[in-house]
Amino acid sequence: MLVRFAVKNYRGFSQRLEWNLSNPSNYEYNNYAIKDGVIKNGIVYGPNGSGKTNLGMALFDIVNHLTQKFKKAGYYNNFVYAGTPNALVEFEYIFKFDEQSVEYTYSKTRDGRLANESLVVDGKIVFERKGRSFAIDETAFSMDTNVKKGLTENANHVSIVNFLLTSYPLSKSHYLIKIRDFVDGMLWFRNLDIREFIGLETNVYVLDEYIIKKKLVEDFQYFLDAVSGQKFKFVTPEKNDKVLMCRYGNEKIPFDVIASTGTHALMLLYFWIQKMGEASLVFIDEFDAFYHFELSYEVCKRLFSLDCQVFTSSHNTYLMNNDLLRPDCNFILQDNKIKALCDCTQKELRFAHNIEKIYRGKGFQV
């Protein structure tokens, strides 16, 4: 699981911003949101322009150089904080795999090239590359002089993690395999003016075709009814059909024509839910931009029931309640800082408190 993430000099984050998921409070309700002592589910709130989208994309920077998964077009445009355009962008990840702590840090130039990189496992340095210096624990990875020299110069900016993964035979339980599998399973997506995603998949799908091909038409019909109360009657597809059709009396109408913007967003969510069994961490940016507030609540319940870590960003404070999550799982991002609600007040927050009302009354100070 991801335990902590920090980034500095990335887009709007001029100073170091740290998101700590390792310190849940001792609330005795909604414990599904906590797993192995780590916050598993959460919602990030904040004013417009506070950096919610940037937080999600920064978190998924690791996908760009450790995997072959789908990457966002133009990701490195406006990559570095404009006030210090020649400084490095710094990233820190701490993972928890069973009882093992793995800390992976690196920095990149404004065009996305790896500059520095280090890996620490249970407090012990595995390797560190900084500028023109390189050191590695040779009890873990025996390496001849020429290889070390090449990695020291590293003119092609190869990730040391990827080099070790492809150059040494490793067991399934090895921390590098666990890092690789976790990052392979990361997914970021949003559905605003355009649909975008990072990670988890290597292909782009047409949703109608996917649902028909996977024989999920009835299940999708049930999903729409269960989550939003919309009762579509889909026509049973025939061989080679590629478009979902709905029946109205004797007429057949394409689903795409009659579905609202919010229903199209639900279709995308349904598609990704089919994939989330393979996911390790999911971040959905403004997931409910087109949802009714009650629909947002139902979608969150379904998302948070998944086994993987799931976080969303939202402006919908209807979701800020103790029936859905807890004060340590609702976060406010503002002024280059992100904090859980329980850390934004000296007041002891209890289940009976209306935390949405406290938030709207400016009772939380980041």
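Asn 78 is exposed, with a relative accessible area of 54%; here exposed means over 50%, buried under 20% and partly exposed in between, with a 1.4 Å probe and protein chains only. Asn 78 sits in the loop between α2 (61–66) and β6 (89–97), where helices (H or I, at least four residues) and strands (E, at least two) are DSSP runs numbered from the N terminus. Its phi is near 60°, a positive value in a residue other than glycine. Most residues other than glycine have a negative phi. Asp 36 also has a positive phi, near 55°. Asp 36 belongs to the loop between β3 (34–35) and β4 (38–39), and it counts as exposed at 54% relative accessibility.

This is a predicted model, in which local features need pLDDT of at least 70 and side-chain atom pairs count only at pLDDT 80 or more, while totals for chains, interfaces and linings use all residues. Residues are numbered from 1 along each chain as its sequence is written, and side-chain values use heavy atoms, leaving out hydrogens and water.

Next comes an open sheet. Seven strands with antiparallel pairing make it up, in the order β2-β1-β6-β7-β8-β9-β10; two strands pair if DSSP finds at least two bridges between them. The edges are β2 (17–20) and β10 (133–136), each of which has a single partner strand, so one side of each is left without a neighbour in the sheet. From one strand to the next, the twist averages 10°. Four bridges connect β1 (residues 2–8) with β2 in the antiparallel sense, and Arg 4 has Asn 20 of β2 as its bridge partner. Helix α4 (residues 160–167) packs on this sheet, touching β7 (100–108), β8 (114–121), β9 (124–130) and β10, and its direction makes about 120° with that of β9. Contact means heavy atoms within 4.5 Å. Axes are lines fitted to C-alpha atoms, for helices over the stretch in contact, and angles between N-to-C directions run from 0 to 180 degrees.

Strand β15 (281–285) pairs elsewhere. It is joined to the parallel strand β11 (residues 186–191) by five bridges, with Trp 188 as the bridge partner of Phe 283. Four bridges join β15 to β16, also in parallel, and Val 282 stands opposite Val 310 of β16. Five of the five residues of β15 are buried, so the strand is largely enclosed by the rest of the structure. In a regular strand the side chains alternate between the two faces of the sheet. In β15, Leu 281, Phe 283 and Asp 285 point one way, and Val 282 and Ile 284 the other.

Helix α10 (residues 293–304) has 12 residues and spans 17 Å from its first C-alpha to its last, close to the expected 16 Å, which is 1.5 Å times one less than the number of residues. Its buried residues include Leu 295, Tyr 297, Val 299 and Phe 304. The buried residues of α10 pack against β5 (41–45), α7 (217–228), α9 (261–275), β15 and β16 (309–313).

The axes of α7 and α10 come within 9 Å and cross at roughly 120°. That makes α7 oblique to α10, since angles under 35 degrees count as roughly parallel, over 145 as roughly antiparallel, 65 to 115 as roughly perpendicular and the rest as oblique. Phe 223, Ala 226, Val 227 and Ser 228 of α7 meet Leu 295, Glu 298, Val 299 and Arg 302 of α10.
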